[in-house]
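Biologist: I've got a model open and would like to go through it with you. Shall we take it from the whole chain down to single residues?

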Amino acid sequence: MNVSTGGRRIWSRGATAALACAIILLPGPGYAAPGDPDPHTDKSIEDIRDELDGLYREAEVATEAYNAANEKAAKQEKRLTTLRKDLTRAEKRVKDLRDLAGAAARTQYRGGDLAATGIQLLLGDHPEQALDEASQARQAMRGLVNVSETQKTAREALSEQTEAASKELRELKSSRADKAAAKQKIEKKIASAERIEAGLEEEQTRRLAALERQRSREAEARWTESGGSSGGSAGKGKGKGRAPGGGTQVSGAAGKAVGFAMAQIGKPYVWGAVGPSSYDCSGLTSAAWAAAGHPIPRTSQAQWGGLTRVSLSSARPGDLIIYYNDATHVGMYIGGGQIVHAPRPGRDITTAPAASMPVLGVVRPGA
C-alpha cells in the first residue's frame with residue numbers, strides 16, 4: 001500500500017469522526033420554557049419582560065409628571081395673561097389720576113386762596129366773581145385730596161399686580177423646567193426599552209407574546225377571585241354601550257364615554273397626547289368623559305384625587321380603574337372584567353383584563 005494513500009485514508013477517517021462529534025455537540029433548535037434563561041442574553045423571558053415593564057412603567061410615571069407640569073403651565077400662562085391685562089389697566093389708571101391731580105392743582109392755583117378771596121369781597125368791584133372763584137377753589141381742593149387718595153390706592157394695586165405677575169412668571173418658568181425634565185426622562189426610558197425589543201430574536205418575541213397571553217389569563221382569574229364586578233359589558237358601538245349578543249346596556253353619559261373610548265381602539269399610544277389621532281392613558285379617559293359632556297381632570301393622579309371613589313365590587317361600565325400605588329395608569333371599565341385603555345408606547349389602544357395591573361381603586365365621574 002502506498003504510504004501517502006494510507007495516510008489520506010487515515011486522515012479521512014479521523015476527519016469524519018471529528019465532524020460526527022461536532023454535529024452531535026451542536027445545539028439543536030431552542031425550545032426553552034418561558035422561565036429558562038435565554039441562551040443569547042443569560043436572561044429568562046420573564047426577566048426580559050420585567051425589564052421592559054419596568055422601563056415602560058418609569059416612562060409612564062414621567063409621562064404623568066409631564067402632563068401635570070403641562071397642565072400647570074397652561075393654567076399659569078392663562079393667569080399671567082390676565083394679570084398682564086390687569087397691570088396695563090392699572091398703569092393707565094395711575095397715569096389718568098396723575099393727569100387729573102395736575103388739573104386740580106392748576107384749578108386751585110387759578111382760584112387763589114380763601115384769604116385773598118375775602119379781601120376781594122370787601123374791596124373788589126365784582127364780589128360775585130370772588131364768590132364764584134372761592135367755590136371753585138374749595139371744589140378743587142376737595143378734588144385734589146380725593147384724587148391723591150385714589151391715586152395712592154391705585155399705586156398700591158399696581159404694585160400688588162406687578163408682584164403677582166412676577167411670581168406667576170417665576171412659577172411658569174419652573175413648571176416649564178419640570179416639563180422639560182420629564183420629557184427627557186420619558187424619551188430616555190422609551191429609547192432603552194425600544195433597544196431591548198429591537199434586539200430580540202423572532203423566537204424570543206414569540207415567547208414574550210406567549211408569556212403575555214398567559215399573564216392575561218391569570219389576570220382574568222384574579223379579577224374573579226378578587227370579587228370584581230362583572231358590571232355587564234360594552235361593545236364597540238359608538239355611544240350605544242351595548243355588548244354584541246345582548247350585554248348590559250350602558251346608558252347616559254357613561255354609555256357615551258364608553259362608546260367614545262371603544263371607538264378609539266387601534267389608535268396608537270403617544271405620551272402626552274389627548275387625541276384625536278393618538279392618546280396616552282389619562283388622555284383617553286379624560287377625552288372620553290369630555291365627549292360625554294362631563295369634563296374630568298387630565299391626569300390619572302388628579303382623576304384619583306378628584307373623582308368619587310367606589311368599591312371594586314360595585315364597578316360599572318364608564319368607571320375608571322386606577323392602577324399602581326402612585327396612580328400613574330388608568331383604564332376605563334367596560335364590564336365583563338375588562339377595561340379599554342392606552343397601554344404604553346409602541347402599543348395601540350385595546351381592551352385588557354381589569355386585573356392585568358395592580359389595582360389602586362375605582363373612581364366614578366359624574367357621581
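Predicted model: local features only at pLDDT ≥ 70, side-chain atom pairs only at ≥ 80, totals over all residues.

Biologist: Now the largest pocket. Which element gives the most to its lining?

Modeller: About 820 Å³ of space lies in the largest pocket, and 28 residues line it. Elements that give two or more residues to that lining are α2 (45-111), α5 (202-225), β4 (338-341) and β5 (350-353). The one that gives the most, with eight residues, is α5.

Biologist: How many residues of that lining are charged?

Modeller: Those that lie nearest the centre of the largest pocket are Glu212, His341, Arg347, Ser356 and Met357. Across the lining of the largest pocket there are eight nonpolar and seven polar residues, and the charged ones number 13.

Biologist: What residue does the side chain of threonine 285 join through a polar contact?

Modeller: Threonine 285 sits in α7 and is buried, because its relative accessible area is 1%, under the 20% cut-off. Leaving out residues up to four places away in sequence, threonine 285 touches Ile296, Gln303, Leu320, Val330, Gly331 and Met332. The polar contact between side chains is 3.2 Å, and the partner of threonine 285 in it is glutamine 303.

Biologist: And where is the cis peptide bond?

Modeller: Most peptide bonds are trans. Here the loop between α6 (252-263) and α7 holds proline 276. Omega is about 0° for the cis bond, which joins glycine 275 and proline 276.

Biologist: On to the strands. How many residues of β3 are buried?

Modeller: Strand β3, residues 329-335, is mostly covered. β3 pairs with β2 (residues 320-323) in the antiparallel sense over four bridges, and three bridges join β3 to β4, again antiparallel. Of the seven residues in β3, the number buried is seven.

Biologist: Which residue of β4 is the bridge partner of methionine 332?

Modeller: β3 and β4 make a hairpin with two residues between them, and in the turn glycine 336 has a positive phi of about 65°. On the other pairing, tyrosine 323 has histidine 329 in β3 as its bridge partner. For methionine 332, the bridge partner in β4 is valine 340.

Biologist: In the loop between β2 and β3, what is phi of alanine 327?

Modeller: Most residues other than glycine have a negative phi. In the loop between β2 and β3, tyrosine 324 has a positive phi of about 70° although it is not a glycine; tyrosine 324 counts as buried because its relative accessibility is 18%, under 20%. Alanine 327 is in that loop too and counts as buried at 4% relative accessibility. Its phi is also positive, near 55°.

Biologist: Last one: is threonine 308 buried, exposed or partly exposed?

Modeller: Threonine 308 is in strand β1, residues 308-310. The C-alpha atom of threonine 308 is 5.3 Å from that of valine 363, 55 residues apart along the chain, and threonine 308 touches Val362, Val363, Arg364 and Ala367, not counting residues up to four places away in sequence. Its relative accessible area is 38%, which falls between the 20% and 50% cut-offs, so threonine 308 is partly exposed.

Notes: Residues numbered from 1 in each chain as written. Heavy atoms only, no water. 1 Å grid on protein atoms, 1.4 Å probe; cavity = no way out; pocket = protein on both sides within 12 Å on 5 of 7 lines; lining within 4 Å. Points joined across faces, edges and corners; volume = space filled by probe spheres on them. Nonpolar A, V, L, I, M, F, W, Y, C, P; charged D, E, K, R; others polar. Buried < 20%, exposed > 50% of the residue type's maximum accessible area, 1.4 Å probe, protein only. Contact = heavy atoms within 4.5 Å. Polar contact = N/O pair within 3.5 Å; in protein donor to acceptor, adjacent residues only side chain to side chain. Pairing = 2+ DSSP bridges.
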